[in-house]
Amino acid sequence: MKVSIIQCSLALGDVEKNFHTIEEGIRDASKEKPDVIVLPEMWNTSFIFENIENLADLDSKRAKAFLSNFAKEFCVNIVGGSVASKRDGKLYNTCYVYDRAGKEIASYNKAHLFSPSREYGLFERGNQISTFEIDGVKCGVAICYDVRFPEWIRKYALADVQVLFLPAAWPTVRSLHWDILNRARAIENQMFVVAVNSTGQAPSVQFGGRSAVIDPWGEYIIKPDTINGIKTGEIDLSVIQNIRAYINVFKDRREELY
């Protein structure tokens, strides 16, 4: 599986500029002929709370049409990061996934909302993991803060997910946590983690980039950095079979103790 990730600077509250930025990113990424293109969290608005109800995508109509059209145009799977979405009068932080034909194959509402920034006061919590297949490979998606909850990510592993996509808007000040948590989730669950973070500035936060693709040994396929652009790497799924043959943590689990 060839994966291209888009690390970019998003403009706070400037929806038109952000759609343009992501369009350019998808067009550039498509030149790499990837199987999957992955976007960051809240790419339509960036992580703004002021006026978010007016900025959010009503029923996600614009974002869904946008992602579907580009998936079909370039015959590529798109894991659409996440967007601020308003549905039935409520706000959600939602990821949409599209296949090569432009068909929506999955969606996911962020389950864990970041209490220090009072994210829970604006958005509704999601309640379910989201799994899907990309070209026959079992995949899943979680969003940003979700990575701090190993119980949640373990649910994906127990659902036989081989590749976990993790769009984020993670701050520079906690970049060490970002790097360690992503690698830990990959190692302990013996899965690939595709972690895509934005850059740019919010009122009191600088987003840190350091997007990466990590294999089940915790090794970087795409190494983290703070440079904007398209980063592409190849995922060798046989690595999962090899590590589970050598260190089968799932066989050795003692569920009766947990």
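Me: What should I know before I start?

Reply: This is a predicted model, where local features need pLDDT of at least 70, side-chain atom pairs count only at pLDDT 80 or more, and totals for chains, interfaces and linings use all residues. Residues are numbered from 1 along each chain as its sequence is written, and side-chain values use heavy atoms, with hydrogens and water left out.

Me: How many helices and strands does the protein chain have?

Reply: Helices (H or I, at least four residues) and strands (E, at least two) are DSSP runs, numbered from the N terminus. The protein chain has 7 helices and 16 strands.

Me: What does the radius of gyration say about the protein chain?

Reply: The radius is taken over C-alpha atoms, and the globule rule is 2.2 Å times the number of residues to the power 0.38. For 258 residues, a compact globule would come out near 18 Å. The protein chain has 17 Å, which agrees. Its C-alpha trace spans about 50 × 40 × 35 Å along the principal axes.

Me: What percentage of the residues is buried?

Reply: Buried means under 20% relative accessible area, exposed means over 50%, and partly exposed lies in between (1.4 Å probe, protein chains only). Here, buried residues make up 53% of the 258.

Me: How do I read contacts?

Reply: A contact means heavy atoms within 4.5 Å. Take the contacts between residues at least 6 apart in sequence: 67% of them join residues at least 24 apart.

Me: Where is Ala11, and what does Ala11 touch?

Reply: Ala11 sits in the loop between strand S1 (2-7) and helix H1 (15-30). Ala11 is buried, at 16% relative accessible area. Leaving aside residues up to four places away in sequence, Ala11 touches Lys17, Asn18, Thr45 and Ser46. Phe114 is 103 residues from Ala11 along the chain, and their C-alpha atoms are 21 Å apart.

Me: Where is Asn248?

Reply: Look in the loop between helix H6 (238-246) and helix H7 (249-252). Asn248 is partly exposed, with 27% relative accessible area. The C-alpha atoms of Asn248 and Thr94 are separated by 33 Å.

Me: How many salt bridges does the structure hold?

Reply: A salt bridge is a side-chain nitrogen of Lys or Arg within 4 Å of a carboxyl oxygen of Asp or Glu. The structure holds 15. Take Glu188 and Arg185, whose closest N and O atoms are 2.4 Å apart. These two residues are 3 apart in helix H5 (175-189), so about one helical turn separates them. Glu188 is partly exposed at 27% relative accessibility, and Arg185 is buried at 7%.

Me: Which residue forms a salt bridge with Asp225?

Reply: Lys231 does, with the closest N and O atoms 3.0 Å apart. Asp225 counts as partly exposed at 24%, while Lys231 counts as buried at 11%.

Me: Is Glu255 buried or exposed?

Reply: Glu255 is exposed, with a relative accessible area of 56%. The side chain of Glu255 meets that of Arg253 in a salt bridge (3.5 Å, N to O).

Me: Which residues are linked in a network of salt bridges?

Reply: Glu23, Arg27 and Glu73 are linked in this way.
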